[in-house]
Amino acid sequence: MMMFGKISRQLCSLKKIPWSCDSRYFWEWLNTVFNKVDYERLRDVGPDRAASEWLLRCGAKVRYCGHQKWLHDYNTLPGSSIDRYKIQAIDATDSCIMDIGLDHMVGLEHVEKITLCKCHYIEDNCLQRLSQLENLRKSLLELEIIACGNVTDNGIIALRHFRNLKYLFLCDLPGVKDKEYLAQVFKTALPSLELKLNLK
């Protein structure tokens, strides 16, 4: 009992960390938990269902092949056949997706469009990892990256590996410095790409 009292007095005497600092670390930890890949679940329900659960848990939206409506509520995920719902589009606006969760996307074969807008955890290594996913290299047609402050030229250059990409929109990316070089890289690698740059 005496030992507990001594420890509690020492803890109480420590300078309190500001609430905002505590909060930031808590949310970062929670977002990391949301992104953790459960490989057993992935195997049991298939890549599209597991990826849908991950994306919605992180605050993103998905649209399935043959559907017009975006799904954004985790509780309304369809519960029927594993093979029936295939992800066609992902809108990750204001979501907490991060690199440790990208293994959820390995088996996705039908994703044609991805929007990454205000994704604070998206960095160069995330874009490089995405561009290494063979299924995504084949299927992705449209990509928008907007206001992702941790993305630099190195991450954008990796996108040239999306060999069927038809449309790329880059906007408000302060880490991207050399627009002319990027334009040249994409013109060489993907001559039919429509590249729209809204960068300073």
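Of the 200 residues in the protein, 44% are buried, where buried means under 20% relative accessible area, exposed means over 50%, and partly exposed lies in between (1.4 Å probe, protein chains only). The model is predicted, so that local features need pLDDT of at least 70 and side-chain atom pairs count only at pLDDT 80 or more, while totals for chains, interfaces and linings use all residues. Residues are numbered from 1 along each chain as its sequence is written, and side-chain values use heavy atoms, with hydrogens and water left out. The mean pLDDT (the predictor's confidence in each residue, from 0 to 100) is 88, and 84% of the residues reach 70 or more. Residues 1-20 have a pLDDT below 50, and this stretch has two contacts in the model beyond near neighbours in sequence; a contact means heavy atoms within 4.5 Å.

The secondary structure consists of eight helices and six strands. Helices (H or I, at least four residues) and strands (E, at least two) are DSSP runs, numbered from the N terminus. Along the sequence they follow the pattern α-α-α-α-β-β-β-α-α-β-α-β-α-β. Among contacts between residues at least 6 apart in sequence, 71% join residues at least 24 apart.

A nonpolar core is a set of buried Ala, Val, Leu, Ile, Met, Phe, Trp, Tyr and Cys residues joined through side-chain atoms within 4.5 Å. The largest such core has 49 residues, of which Met105, Leu116, Ile145 and Ile156 touch the most other members. Helix α4 supplies the largest share of this core, four residues. Another core, of six residues, lies apart from it and includes Cys117, Ala147, Tyr167 and Phe169.

Glu53 is located in helix α4 (residues 47-57). Its relative accessibility is 5%, so Glu53 counts as buried. Apart from neighbours within four places in sequence, Glu53 is in contact with Arg41, Tyr74 and Leu77.

In helix α8 (residues 179-189), the buried residues are Leu182, Val185 and Phe186. These residues lie on the same side of α8 because they cover an arc of only 90° around the axis, the arc being that of the directions from the helix axis to the C-beta atoms. Glu180, Lys187 and Thr188 are exposed on the other side of α8. The cover over the buried residues of α8 includes α7 (153-157), β5 (167-171) and β6 (194-198).

Most residues other than glycine have a negative phi. Asp94, in the loop between β2 (87-91) and β3 (113-117), has a positive phi near 60°. Lys118, in the loop between β3 and α5 (124-130), is not a glycine either and has a positive phi of about 55°. With 40% relative accessibility, Lys118 counts as partly exposed.

Zero disulfides are found in a search of the whole structure, a disulfide being a pair of cysteine sulfur atoms within 2.5 Å. For Cys96, the nearest cysteine sulfur is that of Cys58, 3.7 Å away. Cys96 is buried, with a relative accessible area of 8%. For Cys126, the nearest cysteine sulfur is that of Cys119, 9.3 Å away, and Cys126 is buried at 1% relative accessible area.
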